[in-house]
Amino acid sequence: MNLTNASLAVLPVQTPAYDRKGVTTGIVHLGLGAFHRAHQAVYVDDVLTQDQSWGIVGASLRSDDAARALNPQNGLYSVVTKSASGSQCRVIGSLNHVLCAADDPDALISQMADPQVRIVSLTITEKGYCRNASGDGLDPDHPDIQYDLQNPNRPRSALGYITAALSKRKLSGAGPFTVLSCDNLPDNGATTQRVVLQLARLIDSGLADWIRDHVTFPGTMVDRIVPATTDADREDTKTLLGVADAWPIVTEPFGQWVIEDHFCAGRPQFDHPDIILTQDVRPFETMKLRLLNGSHSALAYLGLLAGHKTVAQAMEDPAIADFVAALMRDEIAPTLNVPANIRLKDYRAALVARFKNPALQHALIQIAMDGSQKIPQRILSPIRDRISKGHTFDRLAHVIAGWLRFVAAKEAGEYCFPLQDPMADTLRAQPVETLIKTEKIFGELASSPTFTRTIMQVYQNQEPLSQR
Ligand code: CS2
């Protein structure tokens, strides 16, 4: 038997506490990966017990994997939270339907243009924003943007879909929706606004003006560790549920969502201890991007080079755990403007405990992907802050050196690690001495002698970090 509406009544776990038949669609989510399903969709599942107008239609932009797995299950899937003290399973009902944009662009644009839809949220990863080298605006030469400019009504990028749907809503009088970025980008709301407005302006300046005047782009800080689902997870979930779930999600108990309260077309009544509504998300976002994600990238590159496979395994290696603790405490924490009510010491300790979660198989190679898109906000920004104050940055330099080593590591002529990165060709085409001076990757740091000298020194003397 499979997970479907018909099997809900017999499941031995928490199931939607509302009648799914009454749920309408108020949110379209672009980029229906595991992260969204472990995070926003769970909070929305809680909202639906009070207000059934906020159901979600999820869309994958390219692959039809999610649609093929979840539509036969009526959009249902399970979320299993795992820690040393055990597992808890819950079935989520907030996903009404899944679309694959590449199969039917019109269906997605029409869904987004439906007046009942009031929020379009995004987890399209850092590279989905088609940003320029400095990260602060659109790259008009990006192949997807070039494609969208030729085919504005059958676009390819998420930005193209947002622009096409808003154009339709402007014409029909359906009004704006809020665009809610849930990606790990600095200033994700303002960044999304910039790239959408730049694309719209290239298509139709009247539309760009309308978007500027009516659409809001709140910033958010999203946090939950979500390893990619494995076949073993599918088997374990089947045992917990008693029915088969084609795509369960495994995650940690912790979750946090800090959202700027700036919604142009209404929002769910979020009333959840994990959710903070605020006027300024930036201190939360910088803290999380640098401490959590920065440490994650450090663990990924230095951990893989030391022969580890998962975050928890790397954290069991005293040399790596000590390195990460010192990186956070001595080099990253001093660069932060700490949000009110947060004690950094506690925040750092909580991160260490989360990284050590022995029940999660969080593959380092998953975090290592797309380094060129992640390193700037996670590692280069704190380096920049430290250089501007005349402070040293040896540990941050180790992370950069580790990344460069990871990219180029070879044994018997073969690369040791698979490289998934939109800049893979550039990264592997040149020696480290040249790479470190590449502005497209390191921005103005590429011409800072303090930066390039320190990285090269660390790189030349770097040994794998391990006491195992
Ligand atoms: C990770 C994040 O894969 C990565 O780059 O650092 O996905 C991380 O697990 C989440 O941001 C945690 O909130």
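Me: Which arginine lies over the face of Y147?
Reply: This is a predicted model, in which local features need pLDDT of at least 70 and side-chain atom pairs count only at pLDDT 80 or more, while totals for chains, interfaces and linings use all residues. Residues are numbered from 1 along each chain as its sequence is written, and side-chain values use heavy atoms, with hydrogens and water left out. A charge is taken to sit over a ring if NZ of Lys or CZ of Arg is within 6 Å of the ring centre and within 35 degrees of the ring normal. At 3.8 Å from the ring centre, the residue over the face of Y147 is R156.

Me: How far is R37 from the ring centre of Y77?
Reply: The residue pair here is again an arginine and a tyrosine, with R37 lying over the face of Y77. The distance of R37 from the ring centre is 5.0 Å.

Me: How many aromatic pairs are found in the whole structure, and what is the angle between the planes of Y301 and F406?
Reply: Rings of Phe, Tyr and Trp (its six-membered ring) pair if their centres lie within 6.5 Å, and planes under 30 degrees apart count as stacked, over 60 as edge-to-face and the rest as tilted. A search of the whole structure finds six aromatic pairs. One of them is formed by Y301 and F406, a tilted pair with 5.1 Å centre to centre and an angle between the planes of 55 degrees.

Me: Which helices hold Y301 and F406?
Reply: Helices (H or I, at least four residues) and strands (E, at least two) are DSSP runs, numbered from the N terminus. Both Y301 and F406 are buried, where buried means under 20% relative accessible area, exposed over 50% and partly exposed in between (1.4 Å probe, protein chains only). The pair links distant parts of the chain, 105 residues apart, with Y301 in helix α10 (residues 282-305) and F406 in helix α16 (residues 394-408).

Me: At what angle do α10 and α15 pack?
Reply: Axes are lines fitted to C-alpha atoms, for helices over the stretch in contact, and angles run from 0 to 180 degrees between N-to-C directions. The axes of α10 and helix α15 (residues 371-388) are 10 Å apart. The angle is about 120 degrees.

Me: What is the handedness of the crossing of α6 and α7?
Reply: The axes of helix α6 (residues 158-172) and helix α7 (residues 188-203) come within 10 Å and cross at roughly 60 degrees. A crossing is left-handed if the near helix is turned anticlockwise from the far one by less than a right angle, and right-handed if clockwise. Whereas the crossing of α10 and α15 is left-handed, that of α6 and α7 is right-handed.

Me: Which residues touch S60, beyond those up to four places away in sequence?
Reply: S60 has its place in strand β2 (residues 55-60), and because its relative accessibility is 10%, it counts as buried. Contact means heavy atoms within 4.5 Å. Not counting residues up to four places away, S60 touches L32, A66, L99, C100 and A101.

Me: Why does Q111 count as buried?
Reply: Q111 is found in helix α4 (residues 105-113) and, leaving aside its neighbours within four places in sequence, is in contact with T25, V28, V57, L99 and V117. Q111 counts as buried because its relative accessibility is 19%.

Me: What is the phi of C130?
Reply: Most residues other than glycine have a negative phi. T125, in the loop between β6 (119-122) and α5 (143-150), has a positive phi near 65 degrees and counts as partly exposed because its relative accessibility is 34%. C130 lies in the loop between β6 and α5 and is buried, with a relative accessible area of 2%. The phi of C130 is a positive value, near 50 degrees.
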